[in-house]
Amino acid sequence: MSEAKEKPRMPIESGVPDPMPLMHPVMRENFGHWKWHDRPLVGVLRHVAESGDEIWTIKAGTQRQMDVYTIRNLCDIADEFADGHVRFTARSNIEYMVSDESKVAPLIEKLESEGFPVGGTGNSISMISHTQGWLHCDIPGTDASGVVKSLMDEIYHDFKHEEMPNRVKITTSCCQINCGGQGDIAINVQHTKPPVIDHDLVSNVCERPSVVARCPVAAIRPAMVNGKPSLEVDEKKCMCCGACYPPCPPMQINDPEHSKLAIWVGGKHSSTRSKPTFHKLVISGLPNNAPRWPEVAEIVKDILNAYKENARPWERMSEWIDRIGWPRFFELTSLPFTKYHIDDWRGARASLNQSSHVHF
Amino acid sequence: MAKKLPETPLLDQLESGPWPSFVTGLKRLAESEDKPYAGMMKDLLGQLEHSYETRKGFWKGGTVGVRGYGGGVIPRFSEVANKYPESSEFHTLRVMPPAGMHYDTETLRKMCDIWEEHGSGLIAFHGQSGDIMFQGATTEGVQNAFDALNDIGFDLGGAGAAVRTSMSCVGSARCEQSCFNEQKAHRMIINSLLDDMHRPSLPYKFKFKFSGCANDCVNASHRSDFAVLGTWRDDMKVDQEEVKKYVADRGRKEINDQVVNMCPTRALSLNDDDTLDVDNKSCVRCMHCINVMTKALSPGDDKGITILLGGKRTLKIGDLMGSVIVPFMKLETEEDFERLVELAGECIEFFAENALDHERVGEMVERIGLINFLDGVGLEVDPNMVSHPRTSCYVRMDDWDAEAEKWAQRKSSAAE
């Protein structure tokens with residue numbers, strides 16, 4: 001008996017759980033047999049199956065980083081109104097499914113009264129996808145949850161209304177690795193000073209050859225500093241990306257003053273209409289101004305207003321700019337165009353205007 | 001006497017405003033005096049406020065895991081533990097969600113109970129790779145929390161140089177635009193590669209993502225090394241009576257401006273009788289017209305998948321989009337799914353053997369060329385893999401005739 005007790009529990013390598021037993025029964029029963037859908041209200045989708053079954057989805061925003069009280073509250077709402085099932089979207093919205101139309105309005109009312117805004121469908125601005133930031137990351141230049149909370153407060157109206165030309169996906173990232181990914185608008189940290197190296201720690205903490213190999217511009221080389229093996233950075237070559245910092249924490253890249261925020265626009269993941277695109281730099285040098293980053297919020301709102309007023313229906317940010325041209329974009333948003341907007345990384349030539357097409 | 005809630009004047013400013021506040025949630029946990037995590041969450045709030053004051057992060061990594069696995073836990077030790085001792089260890093367990101992120105409340109409540117007992121009470125649904133992130137366990141709490149979560153059917157996700165946790169869109173469960181069983185493909189591929197997820201030994205991370213159509217709701221094209229996207233190869237389905245209703249309802253100008261003229265390959269035309277003319281040979285299955293006219297237009301019946309390889313973010317050579325390695329493949333029968341799993345395994349194997357340390361598969365392909373990759377995993381070239389053929393003549397073409405003959409043979413065997 002005691003032998004069995006001492007034997008440590010080994011993991012059950014069960015992998016990705018089967019969603020079928022957890023799924024709303026109407027979705028399970030009509031799996032693969034849906035016919036069409038529409039959006040009767042902002043935040044509500046109605047899907048109709050070949051069988052004639054209908055299901056209404058009510059989408060609401062959450063704070064993503066949720067305490068168990070919030071999650072239990074969301075569960076209580078699901079038990080009372082939505083047959084005890086929910087799902088989450090890739091952008092941390094929660095979705096409730098109901099098979100009875102009469103439950104839609106009371107569910108919306110309940111979610112709103114509990115502080116969960118209903119929206120995020122169609123041509124709205126959905127929840128900002130975010131990363132970990134100061135709350136949990138080991139290399140963050142800024143926070144993530146706080147940036148998202150403050151921006152969602154500012155664009156709350158456009159989460160709850162479908163007034164944009166097409167959907168708008170906003171992302172944030174707290175370092176230049178950019179875990180947040182591509183966005184119609186992306187708000188990312190941009191470092192402006194080379195790493196500050198604690199030479200006393202490098203040889204103990206860092207695997208020096210792999211740090212040297214990590215640098216995209218070969219600016220790092222092994223060196224003896226104060227009689228200790230360390231690393232040094234050619235500051236003329238260094239473009240301050242911070243790639244050396246994760247494998248070598250003594251190469252501190254974050255700086256309260258010089259780690260800035262940059263805004264990029266026109267990223268698009270889907271192959272809908274145009275092919276997927278990367279986002280492009282439009283402004284940098286914005287202060288990392290916690291707790292509400294007002295300078296960033298103002299420019300994001302200016303860009304959104306220009307897009308809302310000038311894009312044609314169904315044009316995503318990148319498609320709109322593709323039509324009107326970059327000169328007009330900078331004019332409409334009153335943002336400066338600088339030498340830093342002209343790419344000099346590999347493949348940069350493809351981003352130059354190799355034609356006589358000029359906007360006036 | 002209970003420990004005091006720290007003063008957090010900066011974080012307090014994130015409690016106002018209409019969007020749900022994570023700060024309010026953190027405080028609720030910190031004030032749960034009857035719970036084991038109250039002290040930990042008070043110190044966590046203190047450290048977070050300290051970050052807001054100094055504009056710096058104070059977490060460092062380390063080595064924490066569970067028995068039997070080499071990854072899946074993100075260790076976090078505080079660099080300011082002297083000031084905030086109770087949150088000095090604040091590790092995250094990455095846990096794989098059910099495919100499509102469906103839950104019942106019984107499961108969510110069990111997760112809450114487990115995380116109240118063994119962790120901080122703070123859970124993120126979900127991280128950027130799709131993990132449920134149970135944030136905030138002590139080193140001792142990690143194993144206990146994992147055991148309890150594992151007992152209710154959940155398993156750790158990926159971290160480090162490993163196959164990572166995957167995501168699939170809602171797909172067949174609710175969406176008429178879905179072109180394959182996303183959840184089945186997701187589970188079959190990932191569950192066949194669990195050893196490479198739980199015991200990280202690849203050159204670098206490798207991500208799979210599954211979207212049921214070109215709308216790509218889980219951002220597979222750019223955010224995964226191996227993107228599976230639904231498509232079809234027969235004609236798109238058109239219900240002309242419904243088309244006429246859309247035209248009657250919205251007017252010809254709107255249908256022309258917002259549907260016909262937005263087709264990227266000029267494959268659409270509105271007929272004089274308000275029916276829609278579709279040139280299916282030019283259509284690239286982009287989904288735009290189907291998105292706008294959901295009741296009139298839908299994907300064809302001969303559905304399958306397109307596979308893109310090599311998407312990734314900046315580090316190290318710059319962003320890469322995934323590019324086509326399989327233009328079309330059926331995904332209906334068990335044999336079809338097994339062929340997909342086999343291909344995924346071949347890609348992982350080739351990546352493991354040929355990529356440099358810390359090199360993503362897209363970077364490896366950039367370095368060695370697509371042809372060497374295709375040869376390595378046994379795929380044939382196809383004009384759908386390029387935007388246009390080569391523009392540079394700097395290449396040796398000694399065996400042109402043999403290669404042209406291969407193409408002729410493939411065409412004649414396809415015609416049989």
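1. Helices (H or I, at least four residues) and strands (E, at least two) are DSSP runs, numbered from the N terminus. This is a predicted model, in which local features need pLDDT of at least 70 and side-chain atom pairs count only at pLDDT 80 or more, while totals for chains, interfaces and linings use all residues. Residues are numbered from 1 along each chain as its sequence is written, and chains are lettered from A and ligands numbered from 1 in the order in which they are written.

2. A cis peptide bond joins B:F125 and B:H126, with omega about -5°, and B:H126 sits in the loop between strand 6 and strand 7 (132-137) of chain B. In chain A, the peptide bond from A:A290 to A:P291 is also cis, with omega near 5°, and A:P291 belongs to the loop between strand 14 (280-286) and helix 9 (294-310). Most residues other than glycine have a negative phi, and most peptide bonds are trans.

3. Two residues of chain A deserve a look for their backbone phi. A:S92, although not a glycine, has a positive phi of about 65°, and this residue lies in the loop between strand 5 (85-88) and strand 6 (94-98) of chain A. A:R273, likewise a residue other than glycine, has a positive phi near 60° and is found in the loop between strand 13 and strand 14 of chain A. A residue is called buried if 20 or more other C-beta atoms lie within 10 Å of its own, exposed if 12 or fewer, and partly exposed in between, with C-beta atoms placed from the backbone. A:S92 is buried because 23 other C-beta atoms lie within 10 Å, and A:R273 is buried, with 23 other C-beta atoms within 10 Å.

4. Chain A has eleven helices and 14 strands, and its C-alpha atoms fill a box of roughly 85 × 75 × 35 Å, taken along the principal axes. Of the 360 residues in chain A, buried residues make up 51%. Two residues are taken to be in contact if their C-beta atoms, placed from the backbone, lie within 7 Å; among contacts in chain A between residues at least 6 apart in sequence, 64% join residues at least 24 apart.

5. The domain bounds come from an automatic or database domain assignment. For chain A this assignment gives domain 1 (20-113), domain 2 (133-192 + 256-340) and domain 3 (196-252), and the C-alpha centres of domain 1 and domain 3 of chain A are separated by 50 Å. For chain B it gives domain 1 (167-232 + 302-415) and domain 2 (237-298), with C-alpha centres 31 Å apart. The contact between these two domains of chain B takes seven residues from domain 1 and six residues from domain 2.

6. The contact between the chains takes 101 residues from chain B and 96 residues from chain A. On the side of chain B that touches chain A, helix 4 (residues 105-118) of chain B gives the most, with seven residues. That side of chain B divides into 43 nonpolar, 37 polar and 21 charged residues, where Ala, Val, Leu, Ile, Met, Phe, Trp, Tyr, Cys and Pro count as nonpolar, Asp, Glu, Lys and Arg as charged, and the others, Gly among them, as polar.

7. A:P256 lies in the loop between strand 12 (251-252) and strand 13 (259-265) of chain A, and this residue is partly exposed, with 13 other C-beta atoms within 10 Å. Not counting residues up to four places away in sequence, A:P256 touches B:T54, B:R55 and B:K56. The C-alpha atoms of A:P256 and A:G141, 115 residues apart along the chain, are separated by 8.1 Å.

8. Helix 2 of chain B is mostly covered, as seven of its nine residues are buried; these are B:F22, B:V23, B:G25, B:L26, B:K27, B:L29 and B:A30. What covers the buried residues includes strand 4 (65-67), helix 3 (68-81) and helix 5 (145-154) of chain A, together with helix 1 (9-12), helix 3 and strand 6 (122-125) of chain B. Within chain B, B:L26, B:K27, B:L29 and B:A30 in helix 2 meet B:A38, B:M41, B:K42, B:L44 and B:L45 in helix 3, and the residues of this contact divide into seven nonpolar, no polar and two charged.
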